Amino acid sequence: MPYAPCPMPNTQSMTNEIQSIFNRIAPVYDQLNDWLSLGQHRIWKEMAVKWSAAKSGDTALDLCCGSGDLALRLARRTGATGKVYGVDFSPNLLEKAKERSHWQYPQPAIAWIEADVLNLPFDDNQFDAATMGYGLRNVKDIPRSLQELYRVLKPGAKAAILDFHRPSNPQLRAFQQLYLDSFVVPVASYLGLKEEYAYISPSLDRFPIGREQIKLARQVGFAVATHYTIVNGMMGVLVLSKLGVIS
Ligand SMILES: C[S@@+](CC[C@H](N)C(=O)[O-])C[C@H]1O[C@@H](n2cnc3c(N)ncnc32)[C@H](O)[C@@H]1O
């Protein structure tokens, strides 16, 4: 089942435009995720949390956290003795995340941080684990984003990055395209967000496939980089390790 949670603007260069699009979709974002993936996004996010190797007591990071779904899952792993930092530059989505965590019991140990993931407000070597869900395809500078992630992870730490992927099988790719054009865009149009979601398809065309993501990750210093395709290659999880022993 393909899934289309990530709209984008018509010009990639404008950070403000990306921010304003995510601010606009904030009221319906969670509902759309459930509809478009038939609830499956929960499973894929759990896989990302598992592959990040986060454990109880860890200080962990969720980049491009949006309305907080993945960060909250990560916080369940790190527990009361750990801490999660959810980072996003959309104030409206962060507001949703705060509301959501407010109603959780026990209260998750999460700090919601409004910041650009291309310029993280953290010192070097801070985090034991990290996740990112449907964010990498949306940042305007992928190598820079990976470089920042590398910088803030402790030696020995892992990160798991979940996003769309283009299947190598032409029939599956055609199915994915049909799904985007004939299901995702009409559903988004119904909610008044046609333009934003129509952008997914070209953004996916530009997004590096697994082996290209691995190359980019190695270039910024990750010692181990593996890309796992899931959902018949329509999604992928890039799992990264920073060399060293976690302290
Ligand atoms: C498709 S959403 C994913 C949200 C969430 N991770 C999820 O899986 O539901 C992409 C998110 O990336 C954020 N984003 C994109 N570029 C960013 C950047 N440079 N800095 C911070 N957040 C960014 C957007 O605001 C948006 O919340």
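Reader: In which helix is Glu148 found?
Author: Glu148 is found in helix 6, residues 142–152, where a helix is a DSSP run of H or I with at least four residues, numbered from the N terminus. This is a predicted model, in which local features need pLDDT of at least 70, side-chain atom pairs count only at pLDDT 80 or more, and totals for chains, interfaces and linings use all residues. Residues are numbered from 1 along each chain as its sequence is written.

Reader: What makes Glu148 count as buried or exposed?
Author: A residue is buried if 20 or more other C-beta atoms, placed from the backbone, lie within 10 Å of its own, exposed if 12 or fewer do, and partly exposed in between; Glu148 has 20 C-beta neighbours inside 10 Å and therefore counts as buried.

Reader: Which residues does Glu148 touch, not counting residues up to four places away in sequence?
Author: Glu148 touches Val117, Leu118 and Leu120, with that exclusion, where contact asks for C-beta atoms, placed from the backbone, within 7 Å.

Reader: Why is helix 3 called oblique to helix 4?
Author: The axes of helix 3 (residues 41–51) and helix 4 come within 10 Å and cross at roughly 45°; the axes are lines fitted to C-alpha atoms over the stretch in contact, with angles from 0 to 180 degrees between N-to-C directions. Angles under 35 degrees count as roughly parallel, over 145 as roughly antiparallel, 65 to 115 as roughly perpendicular and the rest as oblique, so helix 3 is oblique to helix 4. Helix 3 contributes Lys45, Glu46, Ala48 and Val49 to the contact, and helix 4 contributes Asp69, Leu70, Arg73, Leu74 and Arg77.

Methods: Helices (H or I, at least four residues) and strands (E, at least two) are DSSP runs, numbered from the N terminus. Two residues are in contact if their C-beta atoms, placed from the backbone, lie within 7 Å.
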